[in-house]
Amino acid sequence: MRVPSRLLLLGGFVAVALVCARLGLWQVHRLRERRAANAEALAARSQPPVTIERGDATGAGLIDRRVVASGRYDDEHPIILRARVYQGVPGVEIVYPLVLDNGQSAVLVNRGFVPTPDAFTVDPDRLREPGTVRVEGIALPMQSGGGAPLQRGKETAWARLDLEALRARLPYPISPVYIRQLPDSSLPRFPRRLEPLPLDDGPHLSYAIQWFSFSVMALVFGIVIGRQKAPRETVVTLRERSDRGGRNPTSLGN
């Protein structure tokens, strides 16, 4: 390999190593952010439960808090979250508006997981809980956008809770947070109440290790290429030429 080509290839390996190292540092930064957020969530969950009395409140200070709410489920407006999997079983998550005791506003309650083969179809009528109920769970935020419902025959299912879309469909104000109801042995078997979302490191540490490994590999390849010696040009001597022709070089002077 000629020297200019080798230098160009070496520069390419160095550039790849720098990019991979930068991506590794970015994942480390993401990991620190996640751990800080997890620490805040864990501290919030350890505090005493907060009672939600108004669904039209801002939800400030409620995120990741244990909350309690009382009211009646609105059986006319169930919300089905499609394409869910729990312990390898396909199904849906069922969400009901809980009309609070003031009767003028509501908070959405994720009541849990219901297995169904197509992860779409479910009969909400068999999951009703009539009368006044008391719900305890973790308050989580709802985002806006990207959660438009999918219609299949008479069935409607959502990809996720979409705050603005749901506010447009429901006949009363709803809170910007929803309640992920905690497991309770006194409740019916289904819907299966879901455990709190895990507070872990996610994939950031493994991604960082991968990117740093790619960076080291690129540097190693670059060093190997850089240490290769350029091949020497073959010098053909007069004796070698004469040997090829079968002549003695001393006879050239005669």
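Which elements each supply at least two residues of the lining of the second largest pocket? The legends below answer this in turn.

**View 1. The second largest pocket of the predicted model**. Strands β3 and β8 (155-157) and helix α2 (163-169) each supply at least two residues of its lining. This pocket holds about 330 Å³ of space. A pocket is an open set of points on a 1 Å grid over the protein atoms alone, where a 1.4 Å probe fits, with protein on both sides within 12 Å along at least five of seven lines; lining residues have an atom within 4 Å of a point. A volume is the space filled by probe spheres set on the points. Of the 14 lining residues, Glu76, His77, Pro78, Ile79 and Thr156 are the closest to the centre.

**View 2. The largest pocket**. Its volume is about 470 Å³. Among its 23 lining residues, the closest to the centre are Leu140, Pro141, Tyr178, Arg180 and Leu197. Helix α1 gives the largest share of the lining, six residues. Helices (H or I, at least four residues) and strands (E, at least two) are DSSP runs, numbered from the N terminus.

**View 3. Arg84 in strand β3**.

**Notes.** Residues are numbered from 1 along each chain as its sequence is written, and side-chain values use heavy atoms, without hydrogens and water. In this predicted model, local features need pLDDT of at least 70 and side-chain atom pairs count only at pLDDT 80 or more, whereas totals for chains, interfaces and linings use all residues.
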